[in-house]
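Trainee: Could you take me through one part of this model in detail, the helix packing, and then move on to the charged pairs?

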Amino acid sequence: MRIDLHCHSTASDGTDTPAELVRNAAAAGLDVVALTDHDSTRGYAEAIAALPSGLTLVTGAELSCRVDGIGMHMLAYLFDPDEPALLAERELVRDDRVPRARGMVARLNELGVPVTWEQVARIAGEGSVGRPHVATALVELGVVPTVSDAFTREWLADGGRAHVEKHETDPFEAIRLVKAAGGVTVFAHPGASKRGRTVSESVIAELAAAGLDGIEVDHMDHGDGTRVRLRGLAADLGLLVTGSSDYHGSRKTCVLGEYTTDPEVYGEIIRRATGAFPVPGTGGA
Ligand SMILES: [Zn+2]
Ligand SMILES: [Zn+2]
């Protein structure tokens, strides 16, 4: 039984449509595939409609989280996609652009800069508003000579005086929300140090104590030493161990089923979940 529990579609940043993803998963010889788009369940209906017989779909998502200033991803499986609190949090993460830009305007006002939301919205026009538009407003007001001069610690650079961080979920809150929606949580690629700072083992222990179900160990961003270390940590903390491709279609080099999850672990994930059941394929459209 070949089980791949981490795949993206065009519902987030993958290049396969959800229908293409499940067809490609069947063609790759998988028995179980999970659809885990970033902060989105938008692909479920299309994937289910196209699901080939012999392939089982696990519905899920990969939630954008941040703890102690460190970004991290939390896989969530088989939660109820309509549960209101978790749904609201996913929308907050996805629809964060306007509140974030408004927050930067407010910080600038506190610093004595007379920028207005109307001005920033006018500069953004039809595009989705972001930091460059706030920076352009600072140029218009003569606060800085060029847009790049606004991207400094004095103004809008990461950690700058008027910078507002993207909204990302506290992972302890994510665990609580997913559990309340009947789902199971697995910390995605916890040792992926190429992406930036990683969460410490002591924080992983705290997450385990807060109800984290497992950690993803077999992943393309983990070297052999990292896998050995994480397997030991999982054993110490009583966490499930998963493996998965983190497939993004042609956006990344990994292939479906490149890493897989042990059927016993998969069985335990299904046993713990109460928010949704895996969907068996019936032939597909
Ligand atoms: Zn990720
Ligand atoms: Zn991913």
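Mentor: Let's start with helix α4 (residues 97-110) and helix α6 (residues 131-140), which pack with their axes 9 Å apart and at an angle of about 30°. This is a predicted model, where local features need pLDDT of at least 70, side-chain atom pairs count only at pLDDT 80 or more, and totals for chains, interfaces and linings use all residues. Side-chain values use heavy atoms, with hydrogens and water left out, residues are numbered from 1 along each chain as its sequence is written, and chains are lettered from A and ligands numbered from 1 in the order in which they are written. Helices (H or I, at least four residues) and strands (E, at least two) are DSSP runs numbered from the N terminus. Axes are lines fitted to C-alpha atoms, for helices over the stretch in contact, and angles run from 0 to 180 degrees between N-to-C directions.

That angle makes α4 and α6 roughly parallel to each other (under 35 degrees; over 145 is roughly antiparallel, 65 to 115 roughly perpendicular, the rest oblique). The crossing of α4 past α6 is right-handed, meaning the near helix is turned clockwise from the far one by less than a right angle. On the α4 side, Arg100, Ala101, Met104 and Leu108 meet Arg131, Val134 and Leu138 of α6 (contact: heavy atoms within 4.5 Å). Sorted by class, this contact has five nonpolar, no polar and two charged residues (Ala, Val, Leu, Ile, Met, Phe, Trp, Tyr, Cys and Pro are nonpolar, Asp, Glu, Lys and Arg charged, the others, Gly among them, polar).

Now the charged pairs. A salt bridge here is a side-chain nitrogen of Lys or Arg within 4 Å of a carboxyl oxygen of Asp or Glu, and the count comes to 13. Arg66 bridges to Glu165 at 3.9 Å, N to O. Glu168 is in the loop between α7 and α8, 102 residues apart from Arg66. Glu168 counts as buried at 19% relative accessibility, while Arg66 is partly exposed at 26% (buried is under 20% relative accessible area, exposed over 50%, partly exposed in between; 1.4 Å probe, protein chains only).

Finally, Glu268 and Arg271 form a salt bridge at 2.7 Å, N to O. Salt bridges with shared partners join Lys179, Asp213, Glu268, Arg271 and Arg272 into one network.
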